[in-house]
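Trainee: I would like a close look at one part of this model. Please take the salt bridges and go through them one by one.

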Amino acid sequence: RKLYKEVSNIDVYEKLAPVIKWDFETPEDCNKWELLANTTVPVYDPVEKAFVGETLTNDGHIRMSNIPENYFSGDKCRYLHVCMKVEEGGGKNAQIYYVNNTSGNWSGSMGKNFDIIADGEYHDYYVDLSKATALSGEIKSLRFDPNNSPAGYAIKTIEFLSDTYLN
């Protein structure tokens, strides 16, 4: 896998403490996310060991709705880590959006865009969320747009990391 890093102030991403992680290399975590719009129904692919789907427009996305109360706090989330691949010719941008216990609605200001590489190979993306508006409070819903153009994708991991190193 190839590493893309938007953040330059930390050296060892793998040693950051996770806040919450969805590991799509097993089917259990795939079942927690749902198709929202403009994408084929994503499924667990046992050969790929990933959550596999296809965006049909420039606004295809998956969502985790109705997150249980006290499931996780945005206050602890400093970085986003996504391991995924996007088909060659796909878009150059992905987005994560969130709704917290005080916002109530989806908004472009409550999310973070980041560059991706659409070459059909897996990449690990580490994105600094410290400047993302409203990533605080109790997170109620998440929306992930794997790419901003029609293309196939496969996601192995979505996780939020703190700025605390593991021992």
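Mentor: Start with the network. D59, R143 and D145 are linked by salt bridges. The model is predicted, so every value here is computed from predicted coordinates.

Take the pair of R143 and D59. Their closest N and O atoms are 2.7 Å apart. R143 sits in strand β11, residues 139-145, while D59 sits in the loop between β5 (50-55) and β6. The pair therefore ties together parts that are 84 residues apart in sequence. R143 has a relative accessibility of 13%, so R143 counts as buried, the cut-off being under 20%. D59 is partly exposed, with a relative accessible area of 31%.

Why can such side chains pair at all? Those of opposite charge can do so when their charged atoms come close.

Widen the view. The whole structure holds seven salt bridges. Another of them joins the side chains of R63 and E34, at 3.8 Å from N to O. This pair also links distant parts of the chain: R63 is in strand β6 and E34 in strand β3 (residues 34-37), 29 residues apart. E34 is partly exposed, at 33% relative accessibility.

Next, K140 and E138. They form a salt bridge, with 2.8 Å between the closest N and O atoms. K140 is partly exposed at 28% relative accessibility. E138 counts as buried at 16%.

One contact of another kind deserves a look. I67 lies in the loop between β6 (61-64) and β7 (79-86). Its relative accessible area is 5%, so I67 is buried. I67 and S141 are 74 residues apart in sequence, yet their C-alpha atoms are 5.8 Å apart in space.

Now the surface. L35, V41 and V43 make a nonpolar patch of about 250 Å². V43 belongs to strand β4, residues 43-45. V43 is partly exposed, with a relative accessible area of 45%.

The lining has 14 residues, and E14, K21, H81, Y126 and E159 lie nearest the centre. Strands β2 (16-23), β10 (123-128) and β12 (151-165) each supply at least two lining residues. The space in this pocket is about 160 Å³.

Definitions and conventions:
Residues are numbered from 1 along each chain as its sequence is written. This is a predicted model: local features need pLDDT of at least 70, side-chain atom pairs count only at pLDDT 80 or more; totals for chains, interfaces and linings use all residues. Side-chain values use heavy atoms; hydrogens and water are left out. On a 1 Å grid over the protein atoms alone, a cavity is a set of points where a 1.4 Å probe fits but cannot get out, and a pocket is an open set with protein on both sides within 12 Å along at least five of seven lines; lining residues have an atom within 4 Å of a point. Grid points are joined across faces, edges and corners, and a volume is the space filled by probe spheres set on the points. Helices (H or I, at least four residues) and strands (E, at least two) are DSSP runs, numbered from the N terminus. Patches are made of residues with over 30% relative accessible area and no salt bridge: like charges are joined within 9 Å, nonpolar side chains (Val, Leu, Ile, Met, Phe, Trp, Tyr) within 5 Å. Accessible areas come from the Shrake-Rupley method with a 1.4 Å probe; for residues, only the protein chains shown count as cover. A salt bridge is a side-chain nitrogen of Lys or Arg within 4 Å of a carboxyl oxygen of Asp or Glu. Buried means under 20% relative accessible area, exposed over 50%, partly exposed in between (1.4 Å probe, protein chains only).
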